[in-house]
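Subject: Structure handover

Hello,

Please find the structure below, followed by notes on what turned up in it.

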Amino acid sequence: MAKPADNLRINGDRLWETIHAIAEIGPGVRGGSNRQTLTDDDAEGRRLFQRWCEDAGMTVTVDQMGTMFARREGTDPSLPPVAVGSHLDTQPTGGRYDGVLGVLGALETVRTLNDLGLKTKYPIEVVNWTNEEGTRFAPAMLASGVFAGMHELDWAYDRKDHDGKRFGDELERIGFKGEEPVGQHPFHAFFELHIEQGPILEAEGLDIGVVTHGQGLWWLQVTLTGKEAHTGSTPMPLRKNAGLGFARIAELVQTVAMENQPAAVGGIGHVDVYPNSRNVIPGKVVFTIDIRSPDQATLDGMKAKIEAEAPKIAADLGLGIEIEVAGHFDPVTFDEKCVAAVRDAAERLGYSHRDLISGAGHDACWINRVAPTAMVMCPCVDGLSHNEDEEITKEWSTAGAEVLFHAVVETAEIVE
């Protein structure tokens, strides 16, 4: 198939302005974003995105999980689309670029095609996946997981947030519970642009990461049950301290991750302590262990060791323990042809690049199960993400979006 000419470039200024325009919806406290999934701010951001897509001549449809598909028709409408996108929801203290760059970089692909008056054989669809972050409703990548057949729709609808609100009810409340059955929307291919969320590209002075693989992960939600008691008057040998159990299991997670270097990471990011009072010994702690590796055997071995050792820690302290899986996906190998399209685009455009393994989970990790998929990454300052201080440069966003444009358009096939 013909490759797009090297001189075809996106409008980097327009992309940058669009990114910061949507950041005005659900602003964080110090310059980032707080646009959690299925909140009123999420709904407002979705409506703005829909207006932009319709202004670009696209038709927007929504499936039963609230995922949005904005279609630019191809010369052969019978063909499945080349899909491209990411997510607009954020962490509670998220940055302006995580997910958003991928959705709006995809929109910029269509806007650029319109500017140039180019047509493609395959339709192109810009996708906004629902609940990628998983911060309000676990697990992460929920809608793409249903799309790929990894979760049942009713199970997804029954996920509850911290306040007990159901995913399905909140989806309906904000007006984005569509009618299209989830997963009945075949793709010719899928591409996702994302910030690296790690330090490698910036440290090596490179423009582009060509993502060849993605780490697998296990999220284990642990509930420790002890006995609430006065911190001043309860003798140390008589305590059933769930907080102490949490601390020792946190050390276990660190040890297990370090034993499997360099191809493993582990940590605990979410903790609820009850009653969370300064002079009460915690009677209950609920927390989530996050372990990841690109190697299946390593990943499963880490999980097995934690599941074997954590109950021993709890028993030694007289605590009850429950461990349940809150999220999981296996390591991912992305499609060779799509990866080659990304790598060739970077080389053709003169951008420095290297192959990367994604440390974070992305919607592309699930979609890779049902369609040929690849990812493009650009640097972020200090590798910082899931933080309001997350930062990239306009030049980095432009480079990533141009590589995305060329890979997508090559796959969708320009019609002369």
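Predicted model: local features only at pLDDT ≥ 70, side-chain atom pairs only at ≥ 80, totals over all residues.

Histidine 386 is partly exposed, because its relative accessibility is 41% and that class lies between 20% and 50%. It sits in the loop between β16 (373-378) and α12 (394-412).

The loop between β10 and β11 (280-281) holds asparagine 276. With a relative accessibility of 64%, asparagine 276 counts as exposed, since the cut-off for that class is over 50%. As background, most residues other than glycine have a negative phi, and most peptide bonds are trans.

The peptide bond from alanine 138 to proline 139 is cis, with omega near 5°. Proline 139 belongs to the loop between β5 (124-128) and α4 (142-147). Glutamine 261 and proline 262 are also joined by a cis peptide bond, with omega about 5°. Here the proline, residue 262, lies in the loop between α8 (242-259) and β10 (265-274).

Now the chain as a whole. It has 12 helices and 17 strands. The radius of gyration is 22 Å, close to the 22 Å that the globule rule gives for 416 residues, so the chain is as compact as a globular protein of that length. Along the principal axes, the C-alpha trace spans about 80 × 45 × 40 Å. Of the 416 residues, 55% are buried. Among contacts with a separation of 6 or more, 80% are between residues 24 or more positions apart.

For the surface and the charges, the figures are as follows. The accessible surface comes to about 16800 Å², and carbon and sulfur atoms account for 48% of that. There are 37 positive and 64 negative charges, and their mean positions are 4 Å apart.

Threonine 90 is in the loop between β3 (82-86) and α3 (100-116). Is threonine 90 buried or exposed? It is buried, because its relative accessible area is 2% and the limit is 20%. The side chain of threonine 90 reaches the backbone nitrogen of arginine 35 at 2.7 Å. Not counting residues up to four places away in sequence, threonine 90 touches Ser33, Asn34, Arg35, Gln36, Gly95, Glu133 and Thr135.

Alanine 374 is part of strand β16. It counts as buried because its relative accessibility is 0%. Which residues does alanine 374 contact, leaving aside its neighbours within four places in sequence? They are Phe190, Phe191, Glu192, Phe334, Cys338, Val339 and Val342. The C-alpha atoms of alanine 374 and aspartate 335 are 6.2 Å apart, while 39 residues separate the two in sequence.

Threonine 223 lies in strand β8 (residues 216-225). At 14% relative accessibility it is buried, since that class takes in values under 20%. Beyond its neighbours within four places in sequence, threonine 223 is in contact with Lys284, Val285, Val286, Gly320, Ile321 and Glu322. Glutamate 324 is 101 residues from threonine 223 along the chain, with a C-alpha separation of 8.7 Å.

Last, the helix α1, which covers residues 12-22. At its start, a side-chain oxygen of asparagine 11 comes to within 3.2 Å of the backbone nitrogen of aspartate 13. The buried residues of α1 are Gly12, Leu15, Trp16, Thr18, Ile19, His20 and Ile22. An α-helix has 3.6 residues a turn, so residues three or four places apart point the same way. What do the buried residues of α1 pack against? Their partners are α2 (40-55), α3 and α12.

Regards

Conventions:
Residues numbered from 1 in each chain as written. Heavy atoms only, no water. Helix = DSSP H or I, 4+ residues; strand = E, 2+ residues; numbered from the N terminus. Rg over C-alpha atoms; globule rule 2.2 N^0.38 Å. Buried < 20%, exposed > 50% of the residue type's maximum accessible area, 1.4 Å probe, protein only. Contact = heavy atoms within 4.5 Å. Areas by Shrake-Rupley, 256 points an atom, 1.4 Å probe, with all protein chains shown as cover. Lys, Arg positive; Asp, Glu negative; His and termini not counted. Charge placed at Lys NZ, Arg CZ, Asp CG, Glu CD. Polar contact = N/O pair within 3.5 Å; in protein donor to acceptor, adjacent residues only side chain to side chain.
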